[in-house]
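Hello,

Here is the structure I promised to pass on to you. Please have a look, and then read my notes below.

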Amino acid sequence: MARQATNNALHKAKSSKSDEFYTLLEDIEKELVFYKECFRGKTVYCNCDNPKESNFFKYFFKNFKTLGLKKLIASYYIPNTQNLFNEFDPEHGGYIECTIDDIETEITDLSCKLLNGNGDFRSQECISLLKQADIVVTNPPFSLFREHLAQITRYKKDFLVIGNINAITYQEVFHLIQTNKAWLGVHLGRGISGFKVPDHYEMYGTETSISTNGDRIISPNNCLWLTNLDIQKRHDRLKLTKVYSGNEDLYPKFDNFNGINVNRTQDIPMDYEGAIGVPITFLHKYNPSQFEIIQFRKGDDGKDLSIKGKCPYFRILIKNKQPSKAPVISSSLFALPNVEVGNAISD
Ligand SMILES: C[S@@+](CC[C@H](N)C(=O)[O-])C[C@H]1O[C@@H](n2cnc3c(N)ncnc32)[C@H](O)[C@@H]1O
């Protein structure tokens with residue numbers, strides 16, 4: 001119930017376009033530790049970030065030397081006036097650019113340049129900043145996630161961004177994942193502790209709190225990091241311990257696709273050669289040299305994949321690239337737990 005309430009709150013943010021979920025420094029630090037070598041000699045652009053407030057800017061500024069950055073840019077969007085310092089012009093967005101020469105300065109003393117427009121990441125001015133960058137790192141507004149990612153890929157930039165887990169189900173995002181142009185970062189769901197929300201934001205459910213310094217925090221469990229930066233996790237092979245042969249009844253076939261259903265990633269059988277329908281959380285364990293992604297959600301009839309007329313929550317059809325032979329041991333060792341349907345973050 002509480003989870004439902006929090007997810008509704010996130011949904012509200014999405015539909016009302018308030019889009020003001022501010023990323024916590026601890027979550028940025030926890031994720032970025034896995035990408036340390038990706039930033040050497042690079043220009044990072046945080047394009048939905050008020051540099052005087054954003055923890056992304058704070059993180060990169062603080063770790064400029066350690067990461068070996070060439071340049072850091074952050075630009076902010078002006079309708080977000082209530083979060084801005086008075087020194088900002090209420091009609092123009094702005095940005096800060098810094099190099100190694102600036103890192104001894106206090107963030108509050110860095111000089112901010114005004115833009116002619118409002119700092120929309122889609123504006124020509126922000127696109128010029130984007131062109132200078134190698135990697136975009138931010139948490140963009142939820143309602144503009146698709147456009148934000150489309151722009152990054154159009155300009156062939158690397159990225160590490162936060163999005164809603166449902167973003168995976170957007171056709172264009174799934175396509176990037178399927179073609180190995182994007183993948184899940186290290187943390188998702190409960191692995192992202194929460195977001196700071198503005199004072200006007202109504203707090204729902206029990207998954208909200210006030211931090212020791214008075215910040216209002218909302219902790220949805222349905223966000224993830226999406227990236228095209230190489231991380232070790234992507235090369236880790238998923239250890240398969242379950243066997244299809246002899247346990248066929250535990251792996252029902254889809255009504256509308258020649259393949260079997262698996263409810264939990266850890267139950268993928270090692271010896272099945274055909275298509276396997278897995279929950280979207282499989283993507284968190286996806287290693288492209290071990291598995292191939294065939295398609296998303298739909299069967300041959302264009303309808304959602306179903307088993308005896310029932311549709312499990314979004315399934316991704318995959319294939320094991322190197323299925324192994326089943327070991328010769330008692331099948332009772334491979335019993336599966338009961339079928340579980342409809343939980344997006346069950347693994
Ligand atoms: C989800 S919040 C995250 C803010 C910051 N990136 C962070 O992680 O703390 C999204 C931010 O994007 C800003 N924003 C909304 N529309 C924008 C646009 N078209 N261009 C740039 N920023 C925008 C919002 O005002 C908000 O500050």
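Which residue in β9 is the bridge partner of Y22? The partner is K196. Before more of this, two remarks on how to read the model. Residues are numbered from 1 along each chain, as its sequence is written. The model is predicted, so local features need pLDDT of at least 70 and side-chain atom pairs count only at pLDDT 80 or more, whereas totals for chains, interfaces and linings use all residues.

**The sheet around β1**

Strands here are DSSP runs (E, at least two residues), and helices are runs of H or I with at least four residues, numbered from the N terminus. Two strands pair if DSSP finds at least two bridges between them. β1 and β9 (residues 195-197) run antiparallel and are joined by two bridges. They belong to an open sheet of four strands, in the order β1-β9-β11-β10, with antiparallel pairing. At its edges stand β1 (22-23) and β10 (208-210); each has a single partner strand, so one side of each is left without a neighbour in the sheet.

**A second open sheet**

Another four strands form an open sheet in the order β13-β14-β16-β15, and here the pairing is mixed. The edge places go to β13 and β15 (291-296), each with a single partner strand, so one side of each has no neighbour in the sheet. Between β15 and β16 (residues 315-320), which run antiparallel, there are five bridges. In β16, N320 is the bridge partner of F291.

**Helix α5 and what covers it**

Which residues of α5 (residues 124-132) are buried? They are C126, L129 and L130, where buried means 20 or more other C-beta atoms within 10 Å of the residue's own, exposed means 12 or fewer, and partly exposed lies in between, with C-beta atoms placed from the backbone. Seen down the helix axis, the buried residues of α5 fall within an arc of 105 degrees (taken from the directions from the axis to the C-beta atoms), so they line one face of the helix. The face turned away from that side carries the exposed residues Q124, S128, K131 and Q132.

The cover over the buried residues of α5 includes β2 (43-46), β3 (71-76) and β4 (94-98). β2 and β3 run parallel and are joined by four bridges, with T43 opposite K71 in β3. β2 also pairs with β6 (residues 135-138) in the parallel sense, over two bridges; there, Y45 has V136 as its bridge partner.

Enjoy exploring the model!

Best wishes

Terms used
Contact = placed C-beta atoms within 7 Å.
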